[in-house]
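Take a look at the structure below.

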Amino acid sequence: MGKRAAAIAGFVEWTPQRVWPKPTFALEAAAQLAAEVLADAEIAKDEVDSFLIGGLPESPMFAPSALAEYLGLRSNFSEVVDLGGATAVGMVWRAAAAIEVGACETALILCPSLPPPPPPDIGNSMGKLQMPAYLGGDAWGSPQGQFELPAGLAAATPSFAMVASRYMDRFGLREETLAKIAVQERHNAQANPQAIFQGKPISIEDVMSSRRVADPLKLLEIVMPCWGGGALVVTTRERAERAPHRPVFVSGFGEHLTHKSLTYAPDLLESPIRLAADRAFAMAGVERSAIDMASMYDCYTITVLLTIEDAGFCKKGEGGAFVEEHDLRFDGGDWPLNTHGGQLGMGQAGIAGGLSHVTEAVRQIQGRAGEHQLAKVDLAYANGTGGMLAEQSALILEGA
Amino acid sequence: MMRYASDGRPLPTPTDTSRPFFEGAREKRLVLQRCPRDGFFFYPRSHCPSCLGVDWQWETVSGRGSVHAFTVDRVGHDPALASQVPFAVAIVELDEGPRMSANIVGCEVDAVSVGMRVEAAFEDVDDITLVRFRPCGD
Ligand SMILES: [Zn+2]
């Protein structure tokens, strides 16, 4: 019996797309997400007294006040969370904790990730999605700019590839085992009409023969960046019980980080998810075996394998055997994982990609997953991984 | 903001704190800070990351270590390096303890392996010297 002070009452998730038809400022997208998620939870705007965002390009400084002003919010708890792929999970527990201590009552979690309209004096690059290769690591005085980027350690894929290389050397993992994760997540995506790869199932051979990007990782083991957005409403238990959907308690949570560059991780194969997950499970008073579904951040296949181990679902070094022995599919699998297809199957819409793992757990617990609905989900594990296996946040979500 | 070599490669810009590292590299010496309580650490910092002490000293180390993890970049994740692919990037664990990331040079990219013994190789590029590693016998 974990924490029951705060619950997720509703969600909205936009379908990820490679090209977004209408350029939209983050303020505009946040307003639309807020309207849609409040409608889903049947909560009035005047009841909102808190929000969490992942930054605001239109107001790099004073982002919370800019958002409150634009949306007409009167906020008692306003946060900018900066945890990369763990941002959304980090937002959920911050909101729940703030509600539990009485700092606020109803929080919006807003994760817009749409292309902004181009400034008038710049060529038309409308809708073109380009991740900055340096991820901010090129700032003056940044250790990355001096010691990582000159070696070509840019973007994220080479770092995760190095984790995979070390894991393979240490524990003898086969590339086909990692490929199975991509294949079964892609299978799950076939039943999710919002997945970018719906209608495009893949085989182990497809993964193995896809383009080598950073050894040993291949193209089909890597998420595809997309535009999109998502939002949640987190509120008090009492208010959630008066909303139309089954309340989803934020029953336990944890977070941990130690490093930015993988080079300086205390242990490349012992990710910070272990301490985050241990805290979350202990707080919720839940055993791993009681979990009905896992919704794990999956920027790469190797991320999933490490998360299965470090979140405590099997022993260190046995993740490969675990993946081989279990069926991760939503339809008959004995260990359903990322039933929405994960980001590998659905697409990665910025920080909304991380939110998709929470949203899918909520969707399953609320019985709203449609074609990919599992028979019984009362208890879910969801987590986020940010940066280079750096920021880690974990949640135990529990249906009322 | 990165700066780039005449051949297009991204180059580091030393700070006052890190400059001794790059000055050592120019003399083909790998120099690291050593805290009297906690030993060597890398990258260069104002304070020891173990105890936050400031009584560290710069010392020349062996420049030898082992490949702790590596990848071969086949596409050029930094567009400035796209013309250099394939190239090997590794996390090297120095014999003195700290880890650092660097390119592995002096062998085919497919010859790099975890555990491979390597030694520092210094490459002058314009006004700076890059520290890379190459295979060595032991
Ligand atoms: Zn010290």
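Strand β2 (residues 50-53) of chain A pairs with strand β3 (residues 77-80) of chain A in the parallel sense, over four bridges. Strands count as paired if DSSP finds at least two bridges between them. Strands here are DSSP runs of E with at least two residues, helices are runs of H or I with at least four, and both are numbered from the N terminus. Leu52(A) stands opposite Glu79(A) in β3(A). Both faces of β2(A) are covered. Ser50(A) and Leu52(A) are buried on one side, and Phe51(A) and Ile53(A) on the other. Buried means under 20% relative accessible area, exposed over 50%, and partly exposed in between, with a 1.4 Å probe and protein chains only.

This is a predicted model: local features need pLDDT of at least 70, side-chain atom pairs count only at pLDDT 80 or more, and totals for chains, interfaces and linings use all residues. Residues are numbered from 1 along each chain as its sequence is written, chains are lettered from A and ligands numbered from 1 in the order in which they are written, and side-chain values use heavy atoms, leaving out hydrogens and water.

Strand β8 (residues 248-256) of chain A is mostly covered, with seven of its nine residues buried. Two bridges join β8(A) to strand β1 (residues 6-13) of chain A, and the two run antiparallel. With strand β11 (residues 391-399) of chain A, β8(A) pairs over eight bridges, also in the antiparallel sense. Phe249(A) has a bridge partner in each: Ala7(A) and Glu398(A).

Helix α10 (residues 301-310) of chain A has ten of its ten residues buried, so it is largely enclosed by the rest of the structure. Gly312(A) follows α10(A), with a positive phi near 90 degrees.

Which residues hold the zinc ion? Cys35(B), Cys48(B) and Cys51(B) each give an SG atom, and Asp38(B) gives an OD atom, at 1.9 to 2.3 Å. Donors are N, O and S atoms within 2.8 Å of the metal (3.2 Å for Na, K and Ca); water is not among the atoms, so sites may look incomplete. The donor atoms subtend angles of 102 to 112 degrees, which makes the arrangement tetrahedral. Cys35(B) lies in strand β3 (residues 31-35) of chain B and Cys48(B) in the loop between β4 (39-41) and β5 (57-60) of chain B, so the pair ties together parts 13 residues apart in sequence. Both Cys35(B) and Cys48(B) are buried.

On a 1 Å grid over the protein atoms alone, a cavity is a set of points where a 1.4 Å probe fits but cannot get out; a pocket is an open set with protein on both sides within 12 Å along at least five of seven lines; lining residues have an atom within 4 Å of a point. Points are joined across faces, edges and corners, and a volume is the space filled by probe spheres set on them. There are three cavities of 30 Å³ or more.

| Space | Volume | Lining |
|---|---|---|
| Second largest pocket | about 330 Å³ | 21 residues |
| Largest cavity | about 160 Å³ | 17 residues |

Tyr264(A) and Phe41(B) are among the residues nearest the centre of the second largest pocket. β4(B) gives the largest share of that pocket's lining, three residues. Among the residues closest to the centre of the largest cavity are Gln146(A) and Leu130(B).

Terms used:
Tetrahedral: all angles 85-135°; square planar, octahedral: opposite > 155°, others 65-115°.
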